[in-house]
Amino acid sequence: MLAVASTAQFLAILDLFAVSVAFPALRRSFDGAALPQVSWVLNAYTIVLAALLVPAGRLADDTSRKKSFLAGMALFGLASVGCAVAPTLPLLIAARVVQAAAGAVLVPTSLGLALPAFPKREHPTVMGIWTAVAALGGGCGPVVGGLLLMAGWRWIFLINVPVTAAAIVAGRRLLPDTPPKARQRLDLLGSALVLGAATALTALLVQGSSWGFGSARTIGCAVAAVAFGTLAVAHMRRHPNPVIGLDLFRHRTFAVAVSGVFLYYLVFAAALVAGSLFFTGVWHYPVVRAGLGIAPIPLSCVVMSPFSGRIVGRIGGRASAVLGGRALAAGCGWWAVFATPEPSYALMFVPGAVLVGVSTALLQPPLFGSAAALPAARLSLGSAVLMMARQISSALGVAVLTVLLGDAARPSVAGFRHGWLFMVGAALLSALVSRSFRTDHNNQ
């Protein structure tokens, strides 16, 4: 059951990162399309995935998590076929939008299906494995994308089809269904306002540097994000059954977890991108080698994650999360101190990468597992809020890194050092916020 649910997390994250290495091939395939146009193959996926997570999670909670999961998986497979056969760039982008919508259904629903199947004492271990799968998807994305490019960029999408088919077959047999609930009026206006705010904010973060931070489009997105966000909060205060009940954030454990996840992914996503850019821009690695160079991050997370439950059981969720934030800061600090223009992979990169991977296995299981402390009927919604925090902060972290590196075709070591020092600060803030984290065990 956990394997089936984790497949959704792996596919959604893998497809976010795998496409990033295919931009040159896409430009050649579509008659030399401009890079800003091609970048929408990635940006459209990022924006739609972040924007739809909360409405999709709420819908799954209010209907059937199993049916939502199976429908999302089928749609993801069909959209992958659409991406693979797309004859034009606009059709490829449209198929990526559909793929992202399917991913938004899959990710929170998968956690909502997996966690209730295990006793609470095993939740840290379950979250460790689920987290490791996400880290593996993110870390393997550039590697898998680079290898599949040898056969053609369309294989980056076709590889999803047999995986989704197997997950549907297994899911029909293995996944439990949630009991039917009394029909409730869906908060369509609240969903639309949340969707508008998340879309505008993510577009601002993803496209701001290329549009120019003083451009009309950037300012328009900023104004729209504030307006939609303000209206959404006002609406949710009045609605009897809002898409996101504000009482969700009165739950101390969950509110702290959302803040900790936001700060953590502000660093983690930027660290993956910075590593790839450093390898290609400073050490002049080929794309595939640069992708393989990131491997110590997901591998150390995969090795460490099965022990997450034991660690949390011994030192507690709060101590594990704080230690994870500190390990992340130490890893980025290592890179900032030892970075040189001359390649020194084993000394400069590997120790920091191992610390970053270990931090994932320490911090994320207790924080993402906080969704299980919510009422059972709101588990997928809580997961969706955590995932949206992850997606938006990832986009923000990469945007900040882009600004710090500047516009140079070959960023300097000093620019990367500034980026890693920013990451150290955000990681330490994540550790500081996590000091307020309390599990049920801590409260008792």
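Student: Leaving aside neighbours within four places in sequence, with which residues is Trp420 in contact?
Tutor: This is a predicted model, in which local features need pLDDT of at least 70 and side-chain atom pairs count only at pLDDT 80 or more, while totals for chains, interfaces and linings use all residues. Residues are numbered from 1 along each chain as its sequence is written, and side-chain values use heavy atoms, without hydrogens and water. Contact means heavy atoms within 4.5 Å. On that basis, the partners of Trp420 are Ala274, Phe278, Cys332, Trp335, Ala336, Ala339 and Met348.

Student: Which residues touch the most other members of the largest nonpolar core?
Tutor: A nonpolar core is a set of buried Ala, Val, Leu, Ile, Met, Phe, Trp, Tyr and Cys residues joined through side-chain atoms within 4.5 Å. Buried means under 20% relative accessible area, exposed over 50%, and partly exposed in between, with a 1.4 Å probe and protein chains only. The largest core has 125 residues, and those touching the most other members are Leu92, Phe278, Trp335 and Trp420.

Student: Which helix gives the largest share of this core?
Tutor: Helices are DSSP runs of H or I with at least four residues, and strands are runs of E with at least two, numbered from the N terminus. The largest share is 16 residues, and it comes from residues 252-281, helix α12.

Student: How far from Cys332 is the nearest cysteine sulfur?
Tutor: A disulfide is a pair of cysteine sulfur atoms within 2.5 Å, and the structure holds zero of them. Cys332 is buried, because its relative accessible area is 0%. The nearest cysteine sulfur belongs to Cys301, at a distance of 15 Å.

Student: Is the aromatic pair of Trp283 and Tyr285 stacked, tilted or edge-to-face?
Tutor: Rings of Phe, Tyr and Trp (its six-membered ring) pair if their centres lie within 6.5 Å; planes under 30 degrees apart count as stacked, over 60 as edge-to-face and the rest as tilted. Trp283 and Tyr285 lie 5.8 Å centre to centre, with 50 degrees between the planes. The pair is therefore tilted.

Student: Which residue has its charged end over the ring of Tyr285?
Tutor: A charge sits over a ring if NZ of Lys or CZ of Arg is within 6 Å of the ring centre and within 35 degrees of the ring normal. Tyr285 is itself buried, with a relative accessible area of 10%. The charged end over its ring, 3.9 Å from the centre, is that of Arg289.
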